[in-house]
Amino acid sequence: MTEFLQFLLKGISVGSLYALLALGYTMVYGILQFINFAHSDVFMLGAFFSWRLATWFKLIDPSPLVATSLLLAAMALCALTGFLIELLAYRPLRRAPRLNVLITAIGVSLFLENSGQLVFGKDPRSYPQLLAEHTFSVGGVNVRSVEVIAVVTALALMVALHTLVYRTKIGRAMRAVSIDHKVAGLMGIPVSRVISFTFVVGSALAAAAGVLVGITYGQIKQPADSSWVLYGLKAFVAAVIGGIGSVPGAMLGGLLIGLCEQFVGGYISTQLRDAIIFALLIVVLLVKPSGLLGRRAIEKI
Amino acid sequence: MIPAAAQPISVTRALTRSLLPVAVGLGLGLGLGQVVPTGTYAEKILFDIGINIILAVSLNLVNGFTGQFSMGHAGFMALGAYASIVVTYYGGFALFGDVGCHLNAQGYGLYFTSLVVGGLVAAAAGYLVGLPSLRLRGDYLAIVTLGFGEIIRVVLQVSYAVVEPEEMATVDWWERPLHLGKSLGFVHQGAYNSLSWTYAAVVLTLLCAYRLRESTHGRAFLSVRENEIAAEAVGIDTTRYKVNAFVLAAFFAGVAGALFGHQLGTGTAARPEEFNFMKSFEAIIMVVLGGMGSISGAALAAVTLTLLTELLRSVQDYRMVSYALLLILVMILRPEGLFGTRELWHFLRRRRP
């Protein structure tokens with residue numbers, strides 16, 4: 001039972017990170033209908049930007065204020081990166097076939113990975129301890145304070161996003177563009193600006209996930225390490241399972257993937273867990289391609 | 001354009017036309033293996049080029065001709081490699097009593113069989129993956145095939161250690177196919193491959209791709225790419241043709257993997273890590289740069305990029321950065337790839353009347 005609770009806790013903590021990432025995939029897919037392969041690299045950059053800032057200013061003492069400001073700085077930098085990616089790589093292809101955009105996304109992803117490797121080096125980096133680490137035991141289950149903080153931060157960001165999408169004017173514009181960008185344009189919505197904004201928000205969330213990964217694990221792999229891409233792919237799987245284009249779906253999917261990963265890793269095999277997640281994707285696509293909370297897509301001629 | 005085939009041609013001409021390129025090509029391919037000395041640097045590069053040509057041209061069947069997007073080519077390659085090694089390793093033991101390389105008629109027969117088996121296993125997997133996912137929208141196929149490739153790699157990594165063939169009799173029958181060498185892969189298989197085998201396969205792949213495109217099937221593939229709804233409307237079973245293209249591509253990728261797996265002593269071996277998604281991405285880059293739908297374009301891109309990889313080895317860190325930039329620029333400035341759907345010879349002379 002203790003073991004079960006431990007996996008459950010770990011699953012929630014990992015799952016909230018997947019959920020943050022999945023939101024970026026699902027928003028971009030909802031609006032532009034393509035898989036933004038570069039999203040996992042923005043996530044990687046979030047971790048590395050904050051690492052670089054922390055080592056630059058020698059921020060080694062744990063302090064919530066420093067951690068918060070680093071989180072915000074990384075989010076801002078990645079938001080800018082996301083904006084530039086959209087402007088330089090995706091916007092010229094707005095009218096191009098979707099496949100071309102997909103290939104460009106792969107190109108952007110490879111570019112960010114390899115230039116990240118040039119800038120940040122080829123070694124895994126130890127991430128400074130930004131928050132005081134306490135481990136307390138609740139009923140035999142070890143709870144790490146940083147994990148709790150990571151989950152709370154992720155939840156707060158998700159609530160903020162939910163408010164943004166469903167309660168504000170720009171959020172309504174985003175939803176309108178995702179339903180039909182032509183008609184949205186005719187209604188006077190500045191489609192290009194809304195798309196840019198979507199990238200900015202998605203990238204900021206990815207950056208937050210990157211910082212949280214650094215804080216939770218205390219170490220970040222080198223920029224071109226395949227684990228970043230795998231992280232992103234699993235987050236995309238989460239978005240598909242939750243229903244692509246649906247914001248609550250992405251959160252649910254992320255949580256499910258996190259739990260699934262931990263339980264499979266704990267009870268079956270750590271090596272097989274990625275394989276099982278991808279198998280889950282194939283099953284979901286076969287049985288319910290629109291995902292758990294997604295709308296059924298109608299193919300228009 | 002109505003082809004000249006509307007008028008019947010004589011049997012001899014038809015035979016010459018269809019068999020002459022095969023004979024000449026095979027002759028050239030086999031001859032290459034005789035000319036280049038074994039164990040040299042040139043041989044290794046030519047070998048890499050050959051494998052990459054097969055990969056790029058076969059991926060082009062799906063990504064170029066049919067307009068679908070497969071990202072799991074490395075997975076099929078891995079399946080082909082492992083299946084064929086199982087044949088030569090355990091089969092070689094059954095035939096000769098040891099697993100070394102036997103350069104005699106039986107050994108060649110065994111190797112040939114293993115290549116075909118490698119291709120067929122990959123093709124079967126292609127069918128299993130393609131049938132469900134090709135009903136879905138294009139980019140779902142991309143993510144499913146990528147996931148599939150990773151599943152293959154992970155499963156190979158958790159397989160059991162390779163056992164000595166003589167001990168195989170003591171292993172339970174259901175466990176036998178699981179002894180694939182964990183993350184180390186196979187390392188003691190016979191080094192059956194040579195440039196002659198590789199280039200014979202290259203020639204056959206090129207000719208198959210070319211003949212295929214000029215056939216009914218090929219036209220159907222192209223129609224799916226151009227407009228799926230219109231293709232459906234004129235009675236083309238688009239899902240069937242998509243699956244066909246996918247299975248064919250998987251077959252050739254499997255053969256490429258089989259060739260790759262039997263080339264020892266050059267730093268290449270059948271390890272699961274060799275077949276990760278970067279390998280698929282490399283094949284995609286070749287197809288995209290060469291031209292989606294151009295056979296010679298994909299082949300030329302495979303040659304160029306392989307050579308460039310070797311030349312740029314000293315500045316390796318910048319290589320992938322520049323490939324990535326090139327990929328983005330080509331998509332923005334020349335979305336159909338350098339060659340588009342045209343072939344090399346269309347540039348050498350005026351377009352056919």
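S196(B) is found in helix α6 of chain B, residues 195-213. Helices here are DSSP runs of H or I with at least four residues, strands are E runs of at least two, and both are numbered from the N terminus. The model is predicted, so local features need pLDDT of at least 70 and side-chain atom pairs count only at pLDDT 80 or more, while totals for chains, interfaces and linings use all residues. Residues are numbered from 1 along each chain as its sequence is written, chains are lettered from A and ligands numbered from 1 in the order in which they are written, and side-chain values use heavy atoms, with hydrogens and water left out.

Stay with S196(B). Its relative accessibility is 9%, so it counts as buried. Buried means under 20% relative accessible area, exposed means over 50%, and partly exposed lies in between, with a 1.4 Å probe and protein chains only. What does S196(B) touch, leaving aside its neighbours within four places in sequence? The contacts are G29(B), L30(B), G33(B) and Q34(B). Contact means heavy atoms within 4.5 Å. With L30(B) there is also a polar pair: a polar atom of the S196(B) side chain lies 3.1 Å from the backbone oxygen of L30(B).

G75(B) is a second stop in chain B. This glycine sits in helix α3, residues 73-96. G75(B) counts as buried, because its relative accessibility is 1%. Apart from residues up to four places away in sequence, G75(B) touches G149(B) and I152(B). G126(B) is 51 residues from G75(B) in sequence, yet the two C-alpha atoms are 9.7 Å apart in space.

Now step back to the whole of chain B. It has 13 helices and 0 strands. Of its 353 residues, 54% count as buried. The C-alpha trace spans about 65 × 45 × 45 Å along its principal axes. Among contacts in chain B with a separation of 6 or more, 78% join residues 24 or more positions apart.

Chain A has another make-up. Its secondary structure comes to 11 helices and 4 strands. Of its 301 residues, 56% count as buried. Its C-alpha atoms fill a box of roughly 55 × 45 × 35 Å, taken along the principal axes. What radius of gyration does chain A have? The value is 19 Å, which agrees with the figure near 19 Å for a compact globule of 301 residues. In chain A, residues 24 or more positions apart account for 78% of the contacts with a separation of 6 or more.

Two residues of chain A deserve a look. Q33(A) is found in the loop between α1 (2-32) and α2 (39-56). Its phi is positive, about 55 degrees, although Q33(A) is not a glycine. Q33(A) has a relative accessible area of 25%, so it is partly exposed. F83(A) lies in helix α3 of chain A. F83(A) is also partly exposed, with a relative accessible area of 31%. Leaving aside its neighbours within four places in sequence, F83(A) is in contact with S196(A) and V200(A). F83(A) and T198(A) are 115 residues apart in sequence but 8.9 Å apart in space, C-alpha to C-alpha.

Finally, the interface. Here 44 residues of chain A are in contact with 39 residues of chain B. The two chains bury about 3800 Å² between them, 81% of it on carbon and sulfur atoms. Buried area is the accessible area (1.4 Å probe) that two parts lose on being put together, summed over both. I103(A), L110(A) and L118(A) supply 15% of the area that chain A buries against chain B, more than any other three residues.

What is the count of salt bridges between chain A and chain B? It is 0. A salt bridge is a side-chain nitrogen of Lys or Arg within 4 Å of a carboxyl oxygen of Asp or Glu.

On the side of chain A that touches chain B, the elements giving two or more residues are α3 (64-90), α4 (98-120), α9 (226-242) and α11 (273-287). The largest share, 14 residues, comes from α4(A). By class, this side has 33 nonpolar, 8 polar and 3 charged residues. Ala, Val, Leu, Ile, Met, Phe, Trp, Tyr, Cys and Pro count as nonpolar, Asp, Glu, Lys and Arg as charged, and the others, Gly among them, as polar.

Note on methods: Polar contact = N/O pair within 3.5 Å; in protein donor to acceptor, adjacent residues only side chain to side chain. Rg over C-alpha atoms; globule rule 2.2 N^0.38 Å.
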